[in-house]
Amino acid sequence: MSVERIEALVVGAGQAGIAMSEHLSRHGVPHLVLEQGRVAERWRSCRWDSLVANGPAWHDRFPGAEFSGDPEAFVGKEGVADYFVDYAARIAAPLRCGVTVTGVTRLPERAGFRVETSEGPIEAGYVIAATGAFQTPVIPPLVPADAGIAQIHSNSYRNPAQLPEGGVLVVGAGSSGTQIAEELLAAGRKVWLSVGPHDRPPRRYRGRDFVWWLGVLNKWDADAPEGAEHTTIAVSGAHGGATVDFRKLAARGMVLMGRTEGWRDGALTFADDLGRNIRRGDANYLSLLDEADAWAARNGIDLPPEPEAREIGPDPDCMTHPRLSLDLRAEGITTILWATGFSNDYGWLRVDALDGQGKPRHQSGVSSEPGIYFLGLPYQSRRGSSFIWGVWHDAKFVADHIAKQRSYLAYRAPGDTAAAAE
């Protein structure tokens with residue numbers, strides 16, 4: 001049986017895989033991009049209906065192509081997916097959709113890898129795992145399946161009508177959890193929100209979006225916080241974008257609790273940390289305003305002052321007298337929505353590129369296993385790695401590394417037997 005051969009194989013045709021294809025083409029590297037679904041499949045089928053990008057269109061894009069329409073708008077998920085489809089066509093990315101990669105192993109006694117796929121084996125000199133960070137939804141094993149409560153991960157949520165009638169407990173107050181909780185509240189649901197530690201940047205300040213402020217303050221290039229691979233950020237582009245304010249959500253009827261801890265006798269228990277978590281978010285918010293003001297003054301930039309942005313409202317009763325347990329049935333809660341993130345799934349990558357927990361061992365995407373690369377990881381090289389434009393720059397670094405390795409392998413010393421054979 002013949003085996004297809006390609007120099008570089010990219011696994012995944014989301015934003016990471018498309019960016020990787022562009023940079024490999026620029027280096028003249030023959031490659032193939034495999035995708036088990038459609039291009040940008042997760043934007044279409046693994047997001048809720050009303051999702052928009054967390055950054056405005058002028059910023060949250062590849063450098064080589066703008067979104068159509070208002071550059072200040074927050075593009076909806078279908079628009080983002082269409083953007084990647086169009087971009088892939090524009091760069092003539094060598095795509096093969098509907099193909100699942102089931103295993104990658106190193107070839108015995110020669111360079112390269114054997115890649116098992118649903119359409120047969122492929123041999124590749126380089127393999128780039130561009131499947132990103134959102135692979136396996138994580139639902140903590142707290143509430144028994146027979147508790148009589150519907151449990152759903154944010155990955156499977158689409159809209160309020162999808163959920164059973166009754167109250168909803170949302171666990172996790174990052175961007176996804178906060179936006180979904182607010183959507184459910186606006187739909188007339190009674191909503192409880194479990195709030196853990198988080199950063200809470202202003203959506204806009206002094207006429208500029210927070211992504212602009214992070215740019216001029218040089219925060220996009222920051223390393224991951226020590227001991228953490230991911231920082232929970234409460235920010236939203238929904239409805240044109242507004243600063244997340246948990247106190248205002250509580251004033252509208254949402255009940256806030258601290259971090260979810262356990263399950264006992266039909267009730268969930270929560271840590272006594274709600275006030276601390278919200279005040280930590282306030283401190284993060286105010287510190288960015290301080291840095292922004294100092295930068296504007298130091299550089300003589302005339303931006304309209306916004307003193308009202310520093311006004312913090314009164315603490316709601318649910319914050320001053322936090323609930324430490326919640327009897328779900330007694331409160332009429334019929335659904336728990338877990339906005340608790342994702343774990344990696346690299347079980348198909350059977351090479352020495354993962355640590356004992358199955359996480360990538362890498363430096364800026366360059367794996368500990370020569371010839372294997374990763375792309376689309378949070379803080380892969382910097383804070384901005386999680387954004388569309390950040391993935392593009394990380395892909396350039398990886399492609400540059402591959403090009404450098406190719407140049408070493410192409411070198412022939414005088415009298416080299418391999419050169420003589422050629």
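Reply: What follows begins with the nonpolar cores and then turns to the sheet and the cysteines. Since the model is predicted, the contacts and areas below are computed from its atoms.

The largest nonpolar core has 83 residues, and those with the most contacts inside it are Met20, Leu169, Phe246 and Leu256. Helix α10, which spans residues 388-410, gives the most to this core, contributing seven residues. Apart from this core lies another, of 23 residues, including Leu32, Phe113, Ala124 and Tyr346. Returning to Phe246, and leaving aside residues up to four places away in sequence, its contacts are Ala173, Thr178, Leu193, Val195, His198, Arg200, Ala234, Leu256 and Ile278.

Turning to the sheet, three strands form an open arrangement in the order β14-β15-β16, with antiparallel pairing. Because β14 (260-264) and β16 (325-327) stand at the edges, each with a single partner strand, one side of each is left without a neighbour in the sheet. From one strand to the next, the twist averages 25°. Strand β15, residues 267-270, is joined to β16 by three bridges, the two running antiparallel, and Ala267 has Asp327 in β16 as its bridge partner.

As for the cysteines, the count of disulfides comes to zero, with the criterion being sulfur atoms within 2.5 Å. For Cys46, the closest cysteine sulfur is that of Cys97, 15 Å away, and therefore too far for a bond. Cys46 is buried, with a relative accessible area of 16%, and Cys318 also counts as buried, at 13% relative accessibility.

Definitions and conventions. Residues numbered from 1 in each chain as written. Predicted model: local features only at pLDDT ≥ 70, side-chain atom pairs only at ≥ 80, totals over all residues. Heavy atoms only, no water. Core = buried A, V, L, I, M, F, W, Y, C linked by side-chain atoms within 4.5 Å. Buried < 20%, exposed > 50% of the residue type's maximum accessible area, 1.4 Å probe, protein only. Helix = DSSP H or I, 4+ residues; strand = E, 2+ residues; numbered from the N terminus. Contact = heavy atoms within 4.5 Å. Pairing = 2+ DSSP bridges. Axes fitted to C-alpha atoms, helices over the stretch in contact; angles between N-to-C directions.
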